[in-house]
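The structure is shown first.

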Amino acid sequence: MWKPFTRTLFWSLGIFLVINCNRDDDANSEDLNPAVNPTIPSHFPSPVYGFENNPLTKKGIALGKKLFYDPILSADGTVSCHSCHDQAFAFADRGVAFSTGINGKKGNRNTPGLANLIWYPAFNWDGGINHIEIQPVAPLTDSNEMGHNLKSLLKTLQNHPEYPGLFKAAFGSDSIYDQKLLFALTQFMATMVSHQSLYDRYLRGESSFTDKQLRGKNLFDNHCATCHSGVLQTDFSYRQNGLRANSEDLGRMTITNVFSDKGKFRVPSLRNVEKTAPYMHDGEIAQLTDVIEAYSTGIQAVFNLDPALPSGGFRFSATEKEDLLEFLRALTDTNFLENEAFQP
Amino acid sequence: MAFILPLTLIFLTSACKDDDDNGSQPTHGDLSIELDHGWGPSHAAFSLNQELTHPATQEKITFTKLRYYVSNIELTKADGEVWKEEESYRIATVGQSTSGVSMEIKDIPVGEYEAITFTIGVDAPRNTSGAQTGALSPSEGMFWSWTTGYIFIMAEGMSPDAPNGQFMYHVGGFEGSENAIRTTTLNFAGTNVNVNGTGKPKVKVKVNTARFWHGGISLNDINAIHMPGANAVVMADNFIGAFSFDGIEN
């Protein structure tokens with residue numbers, strides 16, 4: 001019934017009023033807390049994470065980083081995210097199969113590296129977690145990891161001399177509740193984009209590969225890229241690779257309760273794979289050369305062995321193994337491993 | 001254009017007030033839903049930490065915890081018009097000392113309503129869209145951290161008839177055949193609830209907590225549910241049948 005102009009005016013006024021009523025709560029305004037554009041490399045697909053509810057800001061990222069390095073997140077104040085996710089190891093743990101949480105307890109799966117998480121449709125080796133914002137709840141509360149109760153943790157943060165002010169600066173309110181804690185951690189994780197390896201520069205036409213690396217890439221494309229596909233080297237599927245056939249871990253079946261998913265795990269990204277030893281869900285394969293050897297001669301004929309994999313193995317020659325290793329080393333992103341923006 | 005400025009001033013002076021007491025008839029009002037937990041078809045007294053005998057299975061059952069999500073509340077007027085509450089997520093928690101749970105519903109358009117619809121559980125979008133707030137905060141403890149999703153119903157307790165002396169039903173699941181989200185509509189049997197902005201009407205609902213063991217299911221059949229799946233679906237189907245209309249207090 002209103003004329004369009006009047007209607008527009010009404011809504012404009014409405015917006016004005018909202019701003020007007022909240023004038024004393026403007027810590028989130030652009031000057032004090034500038035927005036930060038997420039890093040979306042030109043040769044990457046669109047990220048899965050949308051940022052609509054949680055736009056990156058300078059102070060949100062800084063708060064997420066402070067939390068990431070702060071052992072206050074664990075029940076006894078001894079374990080931080082960084083305790084098991086070290087930048088020098090591409091945010092995997094430091095060469096150990098299983099990480100140590102509070103009270104010396106150990107987990108039962110190898111700590112994955114953290115990079116390019118905003119492209120992940122699901123998290124953990126079994127894909128049980130469906131959203132980057134929700135992922136931290138698992139390590140925060142798992143008794144083998146940080147073992148905290150979220151309500152106690154939020155209370156501790158609320159009573160802390162610094163955190164209420166930091167949350168206010170980042171999100172406009174000093175009231176700390178779990179969504180804001182998870183938003184802050186997500187903001188920091190979202191900045192962990194690895195996109196400057198030799199492989200990336202090769203893809204963008206900025207660098208060339210040696211003959212060895214090129215031969216390795218061809219081998220990889222022909223034998224590995226069915227699963228380790230695309231610029232992130234994973235299709236995010238769950239597969240049985242036959243390398244850890246005797247593992248008692250049910251893998252994807254833990255989530256789906258479907259027997260054919262027994263022992264299936266997510267195809268991991270191979271970015272910085274040279275730095276994330278040991279390998280597989282249980283960290284039972286020590287070196288990258290051992291992984292190549294296992295795929296060459298150690299693929300066991302499990303009932304649900306992935307059809308893309310030959311029972312027995314790919315039977316790579318000695319030269320082929322060297323070439324593959326050279327290619328995998330080209331996935332190392334030194335800039336990511338040394339970037340000061342990720343450091344406390 | 002001359003009317004715009006005075007209009008602006010009127011908006012400015014009124015919009016920041018807390019309520020709209022401008023002297024005219026109220027346009028919105030509140031009501032409460034009273035969940036009265038009872039035991040069996042006879043609605044016998046129910047409380048936590050009290051041993052009860054199941055009317056069908058004869059099993060001895062002592063609840064120590066009963067919590068569940070009540071969400072997406074809708075009220076239907078006689079003419080079929082439906083009002084849907086925004087951000088409609090609550091956890092009903094049976095307390096240690098009282099078996100009743102009261103839920104306040106606010107800012108309902110005034111009118112005569114003849115039915116209520118609600119969901120036991122949490123809709124799929126809120127299970128898949130990241131960190132939520134209020135009753136949906138993971139810190140409320142009704143949330144699986146290892147396989148993302150809300151625990152719609154938590155029923156725990158003891159029974160000498162359960163295989164290990166205990167039962168623990170954590171019911172959830174929002175996808176495909178594991179979908180345990182259940183919705184019910186309770187008609188007010190001709191006695192409309194009158195939301196008029198001044199009174200505080202009550203919708204009284206009976207909840208038969210013996211319904212978990214409905215349809216031949218005993219504690220011996222199912223005594224632990226910790227993930228989505230067929231058993232969770234059985235319990236979701238059973239528990240949605242626990243809710244029945246009891247009466248209106250206008």
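The following paragraphs treat the domain interface and then the salt bridges.

The model is predicted. Chain A is divided into domain 1 (23–193) and domain 2 (198–336), and 27 Å separate the centres of these two domains, taken over C-alpha atoms. At their interface, 33 residues of domain 1 of chain A are in contact with 27 residues of domain 2 of chain A. Together the two domains bury about 2400 Å², of which 62% lies on carbon and sulfur atoms. Of the area that domain 1 of chain A buries against domain 2 of chain A, 28% is supplied by His43(A), Trp125(A) and Asp126(A), more than by any other three residues.

Between domain 1 and domain 2 of chain A there is one salt bridge, and 10 residue pairs are in polar contact across the interface. By class, the side of domain 1 of chain A that touches domain 2 of chain A has 20 nonpolar, 10 polar and three charged residues.

Over all chains, the whole structure has 27 salt bridges. Several are listed below.

| Salt bridge | N to O distance |
|---|---|
| Asp249(A) and Arg109(A) | 2.7 Å |
| Arg94(A) and Asp93(A) | 3.1 Å |
| Asp261(A) and Lys264(A) | 3.7 Å |
| Glu104(B) and Lys200(B) | 3.0 Å |

Glu104(B), in strand β7 (residues 100–109) of chain B, and Lys200(B), in the loop between β13 (193–195) and β14 (202–208), are 96 residues apart. Glu104(B) is partly exposed at 33% relative accessibility, and Lys200(B) is partly exposed at 47%. In chain A, salt bridges that share partners join Lys212(A), Arg215(A), Glu322(A) and Asp323(A) into one network.

Asp261(A) is buried at 13% relative accessibility, and Lys264(A) is buried at 17%. Asp93(A) is buried at 8%, whereas Arg94(A) is partly exposed at 32%.

Conventions
Residues are numbered from 1 along each chain as its sequence is written. Chains are lettered from A and ligands numbered from 1 in the order in which they are written. This is a predicted model: local features need pLDDT of at least 70, side-chain atom pairs count only at pLDDT 80 or more; totals for chains, interfaces and linings use all residues. Side-chain values use heavy atoms; hydrogens and water are left out. Domain bounds come from an automatic or database domain assignment. Contact means heavy atoms within 4.5 Å. Buried area is the accessible area (1.4 Å probe) that two parts lose on being put together, summed over both. A salt bridge is a side-chain nitrogen of Lys or Arg within 4 Å of a carboxyl oxygen of Asp or Glu. A polar contact is a pair of N or O atoms within 3.5 Å; within protein, one must be able to donate a hydrogen and the other to accept it, and residues adjacent in sequence count only if both atoms are side-chain atoms. Ala, Val, Leu, Ile, Met, Phe, Trp, Tyr, Cys and Pro count as nonpolar, Asp, Glu, Lys and Arg as charged, and the others, Gly among them, as polar. Buried means under 20% relative accessible area, exposed over 50%, partly exposed in between (1.4 Å probe, protein chains only). Helices (H or I, at least four residues) and strands (E, at least two) are DSSP runs, numbered from the N terminus.
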